[in-house]
Amino acid sequence: MKKEVEVKEKVNENEERKVRPVITSRLLFISVLDKIYLVILFLILVASTYANFSGDMSSLEYGFWAKVFGELGVLIGIIITYFIFNWFYKCAVKTVLCLTETQVYKEEYWPLIRHETSIPLNKITRVKTIKIFWIFRSIWIFQYGKLPVIFFTWTNQEFKDELTKRISEDKLPVENKYEEKNILSLQSKLLKYAAIALAAVIALLGVVRFFNYIFSTERSIPGTYKNGETKIVLESDKTCSLTGIVSDDVTGCSWKYYKEEDRVLLTYEYTSGTYYKYNRSRTLDMKYSKKTLTYNSTEYKK
C-alpha cells in the first residue's frame with residue numbers, strides 16, 4: 001500500500017511541473033464560436049428545409065413523401081456538417097498563445113495537425129498589434145531571420161504590454177488549460193426542442209399538403225371531356241389522349257395546368273414527313289372552367 005501511494009505522489013509531482021503563463025490569449029471569437037456555428041447550422045437547416053418543401057402543394061407533381069425522405073438527406077448533411085464544425089471548434093478551443101518569463105509559446109491545432117512554436121524572448125525583435133474595424137485584432141511577433149508569428153486574439157494589446165517586460169528563458173513546457181467540450185451535447189435540451197420543432201413543421205406541412213391536395217382544382221381536372229365525337233382524355237399521371245380534335249398521328253401527349261390563368265396546356269408529339277419521318281410537337285392552349293375545356297371557342301365537357 002505504501003508503494004502505491006508513493007507512485008501516485010510522484011505522478012502528481014510530474015503533472016505539476018509546468019510553467020504557468022503570465023498571460024494567455026485565445027483565438028478571436030472563441031467565446032462565441034460555438035454559437036456562430038449553431039446559427040450557421042440553423043440557417044442551413046431552415047434554408048434547406050424551405051428549398052426542399054417549396055413548390056405548389058396542391059399540384060399532383062408535388063410529391064410530399066419524396067420530400068420527407070429528402071428531408072432525411074438534409075438532416076444527414078446537417079449532422080455531417082455539425083461534426084466537421086465540431087472538429088474545427090475543438091481545434092480552435094485548444095489553440096493558444098502564451099507568454100512566460102522567458103518565451104512566447106504558441107500551440108496551434110488543425111484537424112490531424114498539432115504545431116508548436118517556442119520563441120525565446122531574446123530572439124524577438126519587435127511586437128506589433130493591429131486592429132481592423134475595432135473588433136478584428138491581431139498580434140504580430142517578429143524575430144530574427146523568420147516570418148512573424150501572427151495570432152488573432154481579443155487580448156492582443158494586453159499580450160504586447162506583458163511581452164515587453166520579459167527577458168529570461170525557461171525550458172519547462174507551458175500549461176495549456178482548456179475545457180474539453182463540444183458545440184452541442186447530445187443530451188442538450190436545445191437538440192430535443194429543435195427535433196420536436198422540425199417534426200412539428202414537417203407534420204404541419206403534411207397537413208397543409210393534404211388539404212391543398214384535397215381541395216385542389218388540378219385534382220378534379222383528370223377525366224374525359226367530350227364534344228360530340230371528339231374527346232380529350234386527361235390522365236392523373238399527366239398523360240393524355242386526343243380523338244378527333246387534331247388530324248395529326250399522335251404518338252404521345254402530356255398536359256399541365258396553370259392555376260394562375262386557369263389554363264390547361266396540352267403538348268402532343270406526332271410524326272411528319274413523306275419520305276423521311278421525323279418527330280415534331282405542338283401545343284394546345286385550353287381554358288378550364290367548371291369541368292369544361294374550351295379550345296378555339298369549342299367547349300368540351302366532362
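Which residue forms a salt bridge with Arg 20? The points below answer this and describe the surrounding features.

1. Basis of the note. The model is predicted: local features need pLDDT of at least 70 and side-chain atom pairs count only at pLDDT 80 or more, while totals for chains, interfaces and linings use all residues. Residues are numbered from 1 along each chain as its sequence is written, and side-chain values use heavy atoms, with hydrogens and water left out.

2. The Arg 20 salt bridge. Arg 20 forms a salt bridge (a side-chain nitrogen of Lys or Arg within 4 Å of a carboxyl oxygen of Asp or Glu) with Glu 175, and their closest N and O atoms are 3.4 Å apart. Arg 20 lies in the loop between helix H1 (2-16) and E1, and Glu 175 in the loop between H4 and helix H5 (189-214), so the pair ties together parts that are 155 residues apart in sequence. Helices (H or I, at least four residues) and strands (E, at least two) are DSSP runs, numbered from the N terminus. Arg 20 is exposed at 62% relative accessible area, whereas Glu 175 is buried at 16%; buried means under 20%, exposed over 50%, and partly exposed in between (1.4 Å probe, protein chains only). A salt-bridge network links Arg 20, Glu 175 and Lys 177.

3. Other salt bridges. The count comes to 9. Among them, Glu 108 meets Lys 106 at 3.6 Å, N to O, and Lys 106 is buried at 11%. Another joins Lys 301 to Glu 299, with the closest N and O atoms 3.6 Å apart; Lys 301 is partly exposed at 45%, as is Glu 299 at 41%.

4. The sheet. Three strands form an open sheet in the order E5-E6-E7, with antiparallel pairing; two strands pair if DSSP finds at least two bridges between them. Strands E5 (124-132) and E7 (146-152) stand at the edges with a single partner strand each, so one side of each is left without a neighbour in the sheet. E5 is joined to strand E6 (residues 136-143) by 8 bridges, and Ile 132 stands opposite Phe 136 in E6.

5. The nonpolar patch. Ile 132 and Phe 136 also belong to a nonpolar surface patch of about 690 Å², whose members include Phe 29, Val 32 and Phe 133. Patches are made of residues with over 30% relative accessible area and no salt bridge, like charges being joined within 9 Å and nonpolar side chains (Val, Leu, Ile, Met, Phe, Trp, Tyr) within 5 Å; areas come from the Shrake-Rupley method with a 1.4 Å probe, and for residues only the protein chains shown count as cover. Helix H2 (residues 33-53) gives the largest share, 3 residues.
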